[in-house]
Amino acid sequence: METEHQIIGQVMRAKTDSAAADELIRQYLPFIKKETAKFNKNDNSLYEDDLSIAMFAFYEAINSYNKSKGAFLNFASVVIKSRLIDFKRKEAKHSAVISLDAQANEEDTRDLNQRTEATENNIELHIDSTGTKKELAEFSALLAEYGIELTAVADNCPKQTRTLDSCHRVLNYAKKNPYLLELLTATKKLPITQLSSGSGVEKKLLERHRKYLVAILLAYTNGFETIRGHLNSIKKGGDSK
């Protein structure tokens, strides 16, 4: 295993080099698998699905890491666990709605809040792994049409909270003006001039984070609910500068 100094050097290179990021993921795949298995207590029925989430979280850790956060692998472990918990909670909330619907005509002495809270707390809830993996595969295929790899999205994600806020201001403007989303899907190009003019965000920022913006806009135009959650959760790892 590499020394901590060597690992940090690899991480710093991976921040600006997608090929280096891919190589780092391949090199530390055993670590990612171990963290995933540990989270699921070796439950193989959930493992494959959560491994995809853990890999995405590892990319996030690469982009948000700095030396003040301590040893990289310890930091990555925390990010992976946090994202897996976030994912399970989102799935639990979704299942809570279905469960409450199904029980509407059944006798249940608990009030609505009690039933919802009980479901939210069950982060070990079994999820539809096939559906999530299919969504990830479909999203990767869609990005490929725009010449973008999934790994490049994480690499291109803004690292400062202020910049992330600007990107989401662009997203909110596009959502209010659907013709811009249609223009993106029709031309396979980000309408930078229109988005910049309407959102008030500088063109340079849009050009610098084009891949991230294309990804998050596509996620909102094609119903990729799980992907949207992960792209938004990256925001939590940004620096507050």
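Student: What makes Phe72 count as buried or exposed in this predicted model?

Tutor: Phe72 has a relative accessible area of 1%. Buried means under 20% relative accessible area, so Phe72 is buried.

Student: How do you know whether Tyr65 is buried or exposed?

Tutor: The relative accessible area of Tyr65 is 3%. The cut-off for buried is under 20%, and therefore Tyr65 is buried. Phe75 is buried as well.

Student: How many aromatic pairs does a search of the whole structure find?

Tutor: The search finds 5 aromatic pairs.

Student: Why is the pair of Tyr65 and Phe72 called edge-to-face?

Tutor: The ring centres of Tyr65 and Phe72 lie 5.3 Å apart, and their planes meet at 85°. Rings pair if their centres lie within 6.5 Å, and planes over 60 degrees apart count as edge-to-face. The pair of Tyr65 and Phe72 is therefore edge-to-face.

Student: Why is the pair of Tyr65 and Phe75 called tilted?

Tutor: For Tyr65 and Phe75, the centres are 5.8 Å apart and the planes are at 50°. Planes under 30 degrees apart count as stacked, over 60 as edge-to-face and the rest as tilted, so this pair is tilted.

Student: Which parts does the pair of Tyr65 and Phe75 tie together?

Tutor: Tyr65 lies in the loop between α4 (44–64) and α5 (72–102), whereas Phe75 lies in helix α5, so the pair ties together parts that are 10 residues apart in sequence.

Student: What makes Glu135 count as buried or exposed?

Tutor: Glu135, in helix α7 (residues 129–144), has 14% relative accessibility. Because buried means under 20%, Glu135 counts as buried.

How values were computed. Residues numbered from 1 in each chain as written. Predicted model: local features only at pLDDT ≥ 70, side-chain atom pairs only at ≥ 80, totals over all residues. Heavy atoms only, no water. Phe/Tyr/Trp six-rings, centres within 6.5 Å; stacked < 30°, edge-to-face > 60°. Buried < 20%, exposed > 50% of the residue type's maximum accessible area, 1.4 Å probe, protein only. Helix = DSSP H or I, 4+ residues; strand = E, 2+ residues; numbered from the N terminus.
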